[in-house]
Amino acid sequence: MTGKEEMTSVTLDLLKKKMDDFAKERDWEKFHSPRNLLLALVGEVGELSEIFQWKGEVPKGLPDWKENEKLHLGEELSDVLLYLVRLSDICGIDLGQAALRKVQLNAIKYPIKKSNDE
């Protein structure tokens, strides 16, 4: 990775473009149906789950994890994110706007007063 890429602000639009270019360059668009992307996403979530499977509860920040474990975690989290971004793009969903709307809906569903009383 070049210094320029490291300094670039990462947005969903940037990831969407990179995933689209990646698929086009390899002629993989024909394989990127919503169903196929969803199944690939589920597979990646399974790989992410395996990392935590036998660790029990893990403290925030992963202080006891080795650097190579954190690197592996970052790779699997990235796989999940990239498939999610690609799936939303192929389905014509603006993922950023959908996520903001969902946060607003959750704020209505779980108001501060109600959640503090539980």
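Because the model is predicted, local features are taken at pLDDT of at least 70 and side-chain atom pairs at pLDDT 80 or more, while totals for chains, interfaces and linings use all residues. Residues are numbered from 1 along each chain as its sequence is written, and side-chain values rest on heavy atoms, with hydrogens and water left out.

To start with the annotation, UniProt places a domain called "NTP pyrophosphohydrolase MazG-like" at residues 33-100, in an unreviewed entry. UniProt positions follow the numbering used here, feature names are shortened, and an annotation of this kind may be inferred rather than shown by experiment. In the model, that span is 74% helix and 0% strand, and its end C-alpha atoms lie 25 Å apart. Helices (H or I, at least four residues) and strands (E, at least two) are DSSP runs, numbered from the N terminus.

Helix 5 covers residues 95-109, and its 15 residues should span 21 Å at 1.5 Å a residue. The expected span is 1.5 Å times one less than the number of residues. The end C-alpha atoms of helix 5 are 20 Å apart, so the two figures agree. At the start of this helix, a side-chain oxygen of Asp94 comes to within 3.2 Å of the backbone nitrogen of Gly96. That is a polar contact, meaning a pair of N or O atoms within 3.5 Å; within protein, one must be able to donate a hydrogen and the other to accept it, and residues adjacent in sequence count only if both atoms are side-chain atoms.

Next come the charged pairs. Side chains of opposite charge can pair when their charged atoms come close. With a salt bridge taken as a side-chain nitrogen of Lys or Arg within 4 Å of a carboxyl oxygen of Asp or Glu, the count comes to eight. One of them joins Lys16 to Asp13, at 3.8 Å from N to O. These two sit three residues apart in helix 2, so about one helical turn separates them. An α-helix has 3.6 residues a turn, so residues three or four places apart point the same way. Asp13 is exposed at 54% relative accessibility, while Lys16 is partly exposed at 33%; here buried means under 20% relative accessible area, exposed over 50%, and partly exposed in between (1.4 Å probe, protein chains only).

Arg86 is buried at 2% relative accessibility, whereas Asp89 is partly exposed at 25%. Both belong to a network of salt bridges that also takes in Asp20 and Lys24.

Arg86 also turns up beside His32, which touches Ala23, Leu37, Arg86 and Ile90, leaving out residues up to four places away in sequence. Contact here means heavy atoms within 4.5 Å. His32 lies in the loop between helix 2 (12-25) and helix 3 (34-52), and at 13% relative accessibility it counts as buried. Asp27 lies in that loop between helix 2 and helix 3 too. Asp27 is not a glycine, yet has a positive phi of about 55 degrees. Its side chain meets that of Lys30 in a salt bridge of 3.0 Å, N to O; Lys30 is exposed at 57%, and Asp27 is partly exposed at 45%.

The loop between helix 3 and helix 4 holds Leu62. Leu62 likewise has a positive phi, about 50 degrees, without being a glycine, and is buried at 15%. The backbone oxygen of Leu62 lies 3.5 Å from a polar atom of the Lys70 side chain. Lys70, in helix 4, is partly exposed at 29%. Beyond its neighbours within four places in sequence, Lys70 is in contact with Gly61, Leu62 and Trp65.

Glu76, another residue of helix 4 (residues 67-91), is buried yet has no salt bridge. The nearest side chain of opposite charge, that of Lys55, is 14 Å away; Lys and Arg count as positive, Asp and Glu as negative, and His and the chain ends are not counted. Glu76 instead touches Glu44, Glu47, Leu48 and Ile51, setting aside residues up to four places away in sequence.
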